[in-house]
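Here is a short briefing for a first look at this structure. Keep the sequence and the 3D view open as you read.

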Amino acid sequence: MRNSDHLGKYWKTYYERVNSAQQKLHPIQYERIEETLSMIPSGIQSILDIGCGDGSITNQIIAPLVIGMDASPDALKNVKSKKAVANINNLPFKNKSFDLVMCAEVIEHLNIDSYQQALCEIARVASKYILITVPFKEWLELSFARCISCGCIFHSSYHVRSFGFGELKNLLTQFGFECKDLRYICPILSADRTTKFEIFIRHRLAREYLTHSEFAVCPLCGYIVVQRPKRNLIGWICAIIRLMQKIFLRKAKPYWIGVLYYRKT
Ligand SMILES: [Zn+2]
């Protein structure tokens, strides 16, 4: 059973757990934030940061008007700028209210019901620019977790979509925006040579799912700690193959991609 699209009533639990832990960011996250900020054009007077969480980016933006927006009031407690509690599908702002609308690590979480409406809303309130960052070509299955309480299989960070170069470049064309700048963020050495067959073996026969996410909350039953099941023989063989891949088959792959769009019409 796969329930990635079903965030249920527990999504708040997940985001609050993530946001409360953001004080201790991984070094690569600092690099991501720095590179995201460097994509903001100069001379911007007003910025809306949608899905700003605890303000790890918002608090570092320098502009005359900065508003951090999130659906979670708890997350906003650490945001130092002006703030708004709102949903991305229904932004409480007039058309073209902000010079730049930022959406960093947000749209990969949007399910089929809200995705188009959210893009439409982002474009509606942006007068000049839109800045979007997402994980680059993420292989979602690699981050699947399995709840040991109810068996639900879900992405441990609640990501439900993955983006490649071409899709992102034309993401907002229908709303009159064109790509102005596109940057790969944080190239890392990765053993990303996994095949679909290996994923199948790992999930179906070895019953191995990602288990190291300390934030994983089952979207179906709310179970919080997803523990690693005892590794069987096939699991051990998969683990050795992965180790060999890490040693011999590493290649550079960006973690994230950032795209700056400008309004053409
Ligand atoms: Zn569960």
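Start with strand β2, which is mostly covered: 5 of its 6 residues are buried. This is a predicted model. The chain has 6 helices and 9 strands. Of its 265 residues, 32% count as buried.

**Strand β2 and its partners**
- β1 and β2 run parallel and are joined by 5 bridges.
- Across that pairing, L48 stands opposite I67 in β2.
- β2 also runs parallel to β3, with 4 bridges joining the two.
- Here M69 stands opposite A84 in β3.
- In a regular strand, side chains alternate between the two faces of the sheet.

**The largest nonpolar core**
- The largest nonpolar core holds 54 residues.
- Which members touch the most others? They are I50, V101, C103, I122 and I130.
- Several elements each supply at least two residues of this core, including α1 (11-20), β1 (46-50), β2 (65-70) and β4 (98-104).
- Also among them are α3, β5 (126-135), β8 (177-190) and β9 (251-263).
- I122 is in contact with I50, V101, C103 and I130, leaving aside neighbours within four places in sequence.
- In soluble globular proteins, nonpolar side chains tend to be buried together.

**L119 in helix α3**
- L119 sits in helix α3, which covers residues 115-125.
- Is L119 buried or exposed? L119 counts as buried because it has 21 C-beta neighbours inside 10 Å, and the cut-off for buried is 20 or more.
- Beyond four places in sequence, L119 touches L172 and F175.
- I107 is 12 residues from L119 in sequence, and their C-alpha atoms are 8.4 Å apart.

**W11 in helix α1**
- W11 is found in helix α1.
- W11 has 16 C-beta neighbours inside 10 Å, so it counts as partly exposed.
- Not counting residues up to four places away in sequence, W11 touches Y158 and P219.
- W11 and G222 are 211 residues apart in sequence, yet 8.9 Å apart in space, C-alpha to C-alpha.

**Two residues with positive phi**
- Most residues other than glycine have a negative phi.
- K96 is not a glycine, but its phi is positive, at about 55 degrees.
- K96 lies in the loop between β3 (82-85) and β4.
- K96 counts as partly exposed because it has 13 C-beta neighbours inside 10 Å.
- Y158 is not a glycine either, and its phi is positive, at about 60 degrees.
- The place of Y158 is the loop between β7 (153-155) and α4 (165-169).
- Y158 is buried, because 22 other C-beta atoms lie within 10 Å.
- Y158 is also one of the residues that W11 touches.

**Contacts along the chain**
- What share of the contacts with a separation of 6 or more comes from residues 24 or more positions apart? Such pairs account for 75% of those contacts.

**Confidence in the model**
- The chain averages a pLDDT of 84.
- A score of at least 70 is reached by 86% of the residues.
- Over residues 1-6, pLDDT stays under 50.
- For residues 1-6 the model has 16 contacts beyond four places in sequence.

Technical notes: Residues numbered from 1 in each chain as written. Predicted model: local features only at pLDDT ≥ 70, side-chain atom pairs only at ≥ 80, totals over all residues. Buried ≥ 20, exposed ≤ 12 C-beta atoms within 10 Å, placed from the backbone. Contact = placed C-beta atoms within 7 Å. pLDDT = per-residue confidence, 0-100. Core = buried A, V, L, I, M, F, W, Y, C linked by C-beta atoms within 7 Å. Pairing = 2+ DSSP bridges.
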